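Biologist: I am new to reading protein models. Could you take me through one, feature by feature?

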Amino acid sequence: MSFVSLCCKACKVEMAQSQADYEAMPNGTELLSIYTENDFETYRDVLYYVGQVLGGFFCINREGKLELRKYGNEPVMELETKHRFTRSFSDFITRYTAVSSTNMKTETAEYYHLEPDDGLTLNLGVNPLLQFGLGRCDPV
């Protein structure tokens with residue numbers, strides 16, 4: 001992902017993942033481009049949209065490197081009863097089965113979903129990197 005590399009060089013931050021790691025991700029080999037007439041104002045904007053295309057989000061990890069973290073479905077922590085301060089605790093699972101994005105050209109919402117479509121929808125809003133180019137990216 002040359003956009004990630006460009007952002008890292010400009011901001012003097014090391015990449016946590018390699019080029020091969022990005023290429024192994026959904027849409028990791030898609031060619032992305034930005035048109036001259038765009039509303040990108042910061043490198044953070046670029047990373048936000050690239051993260052959406054790859055199905056995750058960027059953050060600076062504990063080693064000070066830029067890392068793409070993926071949305072997962074595996075528990076990352078267990079809170080035992082002894083760690084809870086009250087008798088009530090919200091313990092629920094958030095499950096997405098659809099992605100929605102607004103197409104800037106046609107001004108229509110595009111909706112991609114799994115079967116059965118019985119979960120929440122992640123609304124990406126308008127993502128310029130998903131709008132233009134040679135072909136379509138796979139929904140993540």
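Biologist: What pattern does the protein chain follow along the sequence?

Modeller: First, the ground rules. This is a predicted model, where local features need pLDDT of at least 70, side-chain atom pairs count only at pLDDT 80 or more, and totals for chains, interfaces and linings use all residues. Residues are numbered from 1 along each chain as its sequence is written, and side-chain values use heavy atoms, with hydrogens and water left out. Now the pattern. Helices (H or I, at least four residues) and strands (E, at least two) are DSSP runs, numbered from the N terminus. Here the order is α-α-α-β-β-β-β-β-α. That makes four helices and five strands.

Biologist: How much of the protein chain counts as buried?

Modeller: Buried means under 20% relative accessible area, exposed over 50%, partly exposed in between (1.4 Å probe, protein chains only). Of the 140 residues, 27% are buried.

Biologist: Which residues touch the most other members of the largest nonpolar core?

Modeller: In soluble globular proteins, nonpolar side chains tend to be buried together. A nonpolar core is a set of buried Ala, Val, Leu, Ile, Met, Phe, Trp, Tyr and Cys residues joined through side-chain atoms within 4.5 Å. The largest one here has 18 residues, and Val4, Tyr22, Val50, Phe58 and Leu129 touch the most other members. Two or more residues come from each of α1 (2–11), α3 (43–54) and β2 (66–70). The largest share, six residues, is from α3.

Biologist: In what order do the three strands of the open sheet lie?

Modeller: Two strands pair if DSSP finds at least two bridges between them. The order is β4-β3-β5, and the pairing is mixed. β4 and β5 (120–123) are at the edges with a single partner strand each, so one side of each has no neighbour in the sheet. β3 and β5 pair in the parallel sense over four bridges. In that pairing, alanine 98 has threonine 121 in β5 as its bridge partner.

Biologist: Is threonine 97 buried or exposed?

Modeller: Threonine 97 is in strand β3. It counts as buried because its relative accessibility is 6%. Now its contacts, where contact means heavy atoms within 4.5 Å. Leaving aside neighbours within four places in sequence, threonine 97 touches several residues, among them Tyr112, Pro116 and Leu120. A polar contact is a pair of N or O atoms within 3.5 Å; within protein, one must be able to donate a hydrogen and the other to accept it, and residues adjacent in sequence count only if both atoms are side-chain atoms. One of 2.9 Å joins the side chains of threonine 97 and aspartate 117.

Biologist: What is the peptide bond from glutamate 115 to proline 116?

Modeller: Most residues other than glycine have a negative phi, and most peptide bonds are trans. This bond is cis, with omega near -5 degrees. Proline 116 sits in the loop between β4 and β5.

Biologist: Where is asparagine 27, and what is its phi?

Modeller: Asparagine 27 lies in the loop between α2 (19–23) and α3. Its phi is positive, near 70 degrees. Asparagine 27 is buried, at 5% relative accessible area.

Biologist: Where is glutamate 107 found?

Modeller: Glutamate 107 is in the loop between β3 and β4. Its phi is also positive, about 55 degrees. Glutamate 107 is exposed, at 68% relative accessible area. Threonine 106 lies in the loop between β3 (96–103) and β4 (108–113). At 48% relative accessibility, threonine 106 is partly exposed. Its side chain makes a polar contact of 2.7 Å with that of threonine 108.
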